[in-house]
Amino acid sequence: MFVQLIKPEFEELIEAKDWVALKEVLNDVPSADIADLLLELPGEIAIVVFRLLKKPIAADVFAELPSSKGVELLELFNKQQLSDVMGNLEPDEQVSILEELPGHLTQRVMNSITREDQKQLKKLLGYPEESVGRLMTPRYVKVKSDWTIKRSMKHIREYGETAETINVIYVVDDKEHLIDDLRITHLILAEQDKQIETLMDRSFEALSVNDDQEEAVKMLAKYDRVALPVVDSDGVLVGIVTADDIIDVAEEETTEDMQKMAGMDALDDYYSQTSIFDIVKKRLWWLIILFVGQILTAIAMGGYEEILQKVVALSFFVPLIISSGGNSGSQAATLVIRALATDDIKLEDWKKVFSREFTSGLMLGSLIGLMGFFTLIAWDLLGGQILSMTVILTAAVVGLSLFAIVLFGNFTGAMLPFVLSKLSIDPAVSSAPFVATIVDVTGIIIYFSIAILLLSGTLL
C-alpha cells in the first residue's frame, strides 16, 4: 500500500532527474518497499538510485530483490559498488546470492570482498545445499560460564553491533562447545557480580549444520524462538539461524509444495520473474503424464462400450462418479501431506492414518452414496415419471458406485504420500492431479463392475 502511495512521486523525480530530492524521499522508505520500486526500473536507472542509498540500506535493499533482478544489477556494479553491497550483507545473505549467480559473476563478487569474508563464505558454501549450514550466520555473541554478568555485558556491548541478533546470548566452554543459551533479559535483570553459570540450566535446543532447512522452520515454530544455535557433529557452536531467515525459507517451501500439489515442478524463482519458456517447461511434463493417465481412463471406458450401448443412461453419471472419487482423494492427500510437512504425523503413523481415513471414507462414501441414490429417484419423480425397477436399479448402481469410489479415493489419497515418502519421493507430487488420475481409471472400473453385478439379467 505504501509503495503505491509513493510510486507516482518516485517516478516523477526520476523523470525529472532530481536526484537530491529523491535521496531525501528514499531516506524514509523501508528497504523492502525500495526493492519493490526498483523492480520495474531499467538496470541503468536502478544503479543510479542505488548510489543515492547509504551503504547498509543499499545492502538491505539488494537482499530483498529477486535473484534475477539482483543478477542484472550485479552485472552493472563496478568493483566498489560490489564491495559496498556485499560487505554490508549478512553471510547467509551472501551465500543465498552466490548460489544464484553464473560463474563469471561469482568470481567478480568473491574478488570484491575481504579475504576474511571470502574464507567465511567458502566455508558456508561447503555445506550441502538446502542445509542449515547454508542458512546460518556466524555473527552471534558468545560468553563463558565463569564470566561475571558485568564482564559479559561489556563483551556484548563491544561485539553486539556486528551480531545478527543479541536477543539470545550463547554460552560455550573452553573448546567452543555449546552448553547453554540465555535470553538477554536474563543478563540485564541479573546482579552484576554474579557469574553466568548461576543463570544456566544447561537446557537448550540446537540445530545441526547438516539438518535440512525445513527442520529449522519446524524447530523455530515449535519452540517459539527468535534464533536457534547451530552446532557441528562435535557439538561446537558454529552459527545461528534467525527467525527472519526462517520466514523466507518457510515461504519458499510452502510455495514449492503448492506448485507440486498443482501437478508441476516447482519454479526456481518468483512467478513474475520466471520466463514463459521456463513456466512451460515446468508444467509440460506433468501435463503429458496426466494426459497419458486420461488416455487410460478413455481406454477403460472403451472396454465397457457394449454396456453403454445397452444402458445409455449409465454414461450420464460417469463425470459424477469419477469427480467424486478425485475430490475425495485430493482432500485426503492434501490433509496427509500437510500433516507430514508440519510433523503432526510421522511415517510410522500410517496405520493410525489408515484407520482414520478408512473410517471417514466409509462415512463420507455412505453420505454421498445415499445422496446420489435419492437424488436420482427424486429427479425421476419430479420429471413426472412413475418410479420403475429400472430407475431404482440405476440409482442403486450410482449410489453404490459413489460409496465405493469415495472410499477408494480417500484411501488412495491418504496412503500414497506414505508410499512416496518411503521411496524418498516428495509426497507433494501425489496430490490433486496425480491422485485424481489414479482414481479416475479405478472409478470407471468400479462403476461398471457394480453395473454388471446389479443389472445383469434385467437391463443387461
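Modeller: Lys144 and Asp174 join their side chains in a salt bridge, 3.9 Å from N to O. Lys144 sits in strand S1, and Asp174 in the loop between S2 and S3, so the pair ties together parts 30 residues apart in sequence. Keep in mind that this is a predicted model. Lys144 is partly exposed, at 21% relative accessible area. That value is close to the limit, because buried means under 20%. Asp174 is exposed, at 71%.

The S2-S3 loop supplies another partner. Glu176 and Lys142 form a salt bridge at 2.6 Å, N to O. Glu176 belongs to the loop between strand S2 (168-172) and strand S3 (178-183), while Lys142 is in strand S1 (residues 142-144), so this pair links parts 34 residues apart in sequence. Glu176 is partly exposed, with a relative accessible area of 24%. Lys142 is partly exposed too, at 32%.

Strand S3 brings in a further pair. Arg225 forms a salt bridge with Asp181, with 3.2 Å between the closest N and O atoms. Asp181 is in strand S3, and Arg225 is in the loop between helix H14 (213-223) and strand S5 (227-231), so parts 44 residues apart in sequence are tied together. Arg225 counts as buried at 16% relative accessibility, and Asp181 is buried at 9%.

UniProt, in an unreviewed entry, gives residues 200-256 as "domain: CBS". That span is 44% helix and 23% strand, and its end C-alpha atoms are 40 Å apart.

Now the nonpolar side. The largest nonpolar core has 57 residues, and Val241 is one of those with the most contacts inside it, as are Leu38 and Phe50. Helix H4 (residues 43-52) gives the largest share of this core, 5 residues. Leu38 touches Ala46, Val49, Phe50, Val61, Leu65 and Lys69, leaving aside residues up to four places away in sequence. A second, separate core has 33 residues, including Ile337 and Tyr447.

Residues 284-304 are 90% helix, with end C-alpha atoms 31 Å apart. Residues 391-420 are 100% helix, with ends 42 Å apart.

Note on methods. Residues numbered from 1 in each chain as written. Predicted model: local features only at pLDDT ≥ 70, side-chain atom pairs only at ≥ 80, totals over all residues. Heavy atoms only, no water. Core = buried A, V, L, I, M, F, W, Y, C linked by side-chain atoms within 4.5 Å. Buried < 20%, exposed > 50% of the residue type's maximum accessible area, 1.4 Å probe, protein only. Helix = DSSP H or I, 4+ residues; strand = E, 2+ residues; numbered from the N terminus. Contact = heavy atoms within 4.5 Å. UniProt positions renumbered as here; feature names shortened; annotations may be inferred. Salt bridge = Lys/Arg side-chain N within 4 Å of Asp/Glu carboxyl O.
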